[in-house]
Every structure is written in C-alpha cells, then in structure tokens.
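Take a moment to look over the chain from one end to the other. Then follow the paragraphs below, which go from the overall fold to single pairs of side chains.

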Amino acid sequence: MSTPSGSSRPDDAARADAARTDAAAGETNGPTDPDAIKAEIEATREQLGRTVDELSHRLDVPARAKEGAARAKDTAVETYRESPPAVAGAGAGLLGLIGLVVWRRRRKRRRAAAAVTGNSAALAQARAEARVARKKAAREAARARKAVARNAQRSRKRTRKATRKVRK
C-alpha cells in the first residue's frame, strides 16, 4: 500500500503531511541552532547506518545459515553433555524411523511393479518367455552365420574355377 508521499507506512505519511503544512505556514519544527541541526544530522546518519547494517545482515543468507547451523550444533552439544543416554536414544529412534521409511518405500515400489505386471507369477512367466525368445534368436543368428560362411566359401570356389578357366 503506497501513500501520496511515497512512503509505505501511514505514520510516515502523516508526519510528512504535517511537515508540509508547517512549512507552508512558515513554521519550522526542527531546531534553528546550527549545532542542534548538526547533532540531528549525526543522529539520523547513525540511525541510517544501523538500518543499513541490519538490512545487509538480513540479506546475507550464507552467513545467517552458518549462524543457524552453529546454534544448532551448540544446542546439540549442550543437550548431549546434559544427558548422553537420552541423546543416544533419540539418535537410535531417528535411525529406526529413517530405516522404516526406506523399507516402506522399497516395499511400495515392489508392490507397484508387481501390480503393473499383474503379479509375480506373470512376471516369472514373462521372464521365461523372454529367455525362450533369446535362445531362439541365438539359434537363428547361428544359422545365419553358417549360411553366410557357406555362401562365402561357394563364392571363393566359383572365383577359383573362373580364374582357372581364364588361365587355361
């Protein structure tokens, strides 16, 4: 939400309107002494510096992540120092939970694969059919190799005969 003065906060807009009204009336809200004006400028600079520092800290995500990790580590170390068996038990519980999740996912995938193929008997039958088809393809390939070898041998014989006839 934007206000006429360009500020997004209503209280800033009200202050800006009041300052414009006072300036139009010839009144000044600020100090008239040069030392007071300088002090106000310095205070504003310091406030602006703090604001910039805070914004730069907020935008430095890697540093904030490192700080969070360090805090988590410190908390874990403190907790372990206070009661090591409780931490060991929590670690074992977490490990068991992760193991359970992994086991269930694998089981679910296996069941889904069996459902796609129909069932495990259908899967075994498909594997057997594939094995038979591979054997048949291997036999056909062997026959083709033999036929190629026979044709090559015949061709060599014909070439020899033709060469002999030409020489005679």
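Start with Glu54. This residue has a relative accessibility of 41%, so it counts as partly exposed. Keep in mind that the model is a predicted one. Glu54 has a partner, Arg58, and the two form a salt bridge. Their closest N and O atoms are 2.6 Å apart. Arg58 is partly exposed too, because its relative accessibility is 48%. How far apart are Glu54 and Arg58 in helix 2? They are four residues apart, which means that about one helical turn separates them.

Now step back to the whole chain. Its secondary structure consists of five helices and zero strands. Along the sequence, the pattern reads α-α-α-α-α. How much of the chain is buried? Of the 168 residues, 2% are buried. To count as buried, a residue must have under 20% relative accessible area. The chain exposes about 15000 Å². Carbon and sulfur atoms supply 57% of that area.

Return to the salt bridges. The structure holds three of them. Glu54 and Arg58 make one. Another joins the side chains of Arg45 and Glu42, with 3.0 Å from N to O. Both residues lie in helix 2, which covers residues 34-59. They sit three residues apart, about one turn of the helix. Are these two exposed or partly exposed? Arg45 counts as exposed, because its relative accessibility is 54% and the cut-off for exposed is over 50%. Glu42 reaches 40%, so it counts as partly exposed.

Move on to helix 5, which spans residues 120-167. Here the side chains of Glu140 and Arg143 meet in a salt bridge, at 2.8 Å from N to O. These two residues are three residues apart in helix 5, about one turn of the helix. Glu140 has 41% relative accessibility and so counts as partly exposed. Arg143 has 52%, so it counts as exposed.

Stay with helix 5 and find Arg154, which is part of this helix. Arg154 is partly exposed, because its relative accessibility is 45%. It also belongs to a positive surface patch. Which residues form this positive patch? They are Lys146, Arg150, Arg154, Arg156, Lys157, Arg158, Arg160, Lys161, Arg164, Lys165, Arg167 and Lys168.

Where is Leu94 found? It is found in helix 4, which runs over residues 84-117.

The chain has five helices and zero strands, and 2% of its residues are buried. It holds three salt bridges.

Note on methods: Residues numbered from 1 in each chain as written. Predicted model: local features only at pLDDT ≥ 70, side-chain atom pairs only at ≥ 80, totals over all residues. Heavy atoms only, no water. Buried < 20%, exposed > 50% of the residue type's maximum accessible area, 1.4 Å probe, protein only. Areas by Shrake-Rupley, 256 points an atom, 1.4 Å probe, with all protein chains shown as cover. Patch = residues over 30% accessible without salt bridge, like charges linked within 9 Å, V, L, I, M, F, W, Y side chains within 5 Å. Salt bridge = Lys/Arg side-chain N within 4 Å of Asp/Glu carboxyl O. Lys, Arg positive; Asp, Glu negative; His and termini not counted. Charge placed at Lys NZ, Arg CZ, Asp CG, Glu CD.
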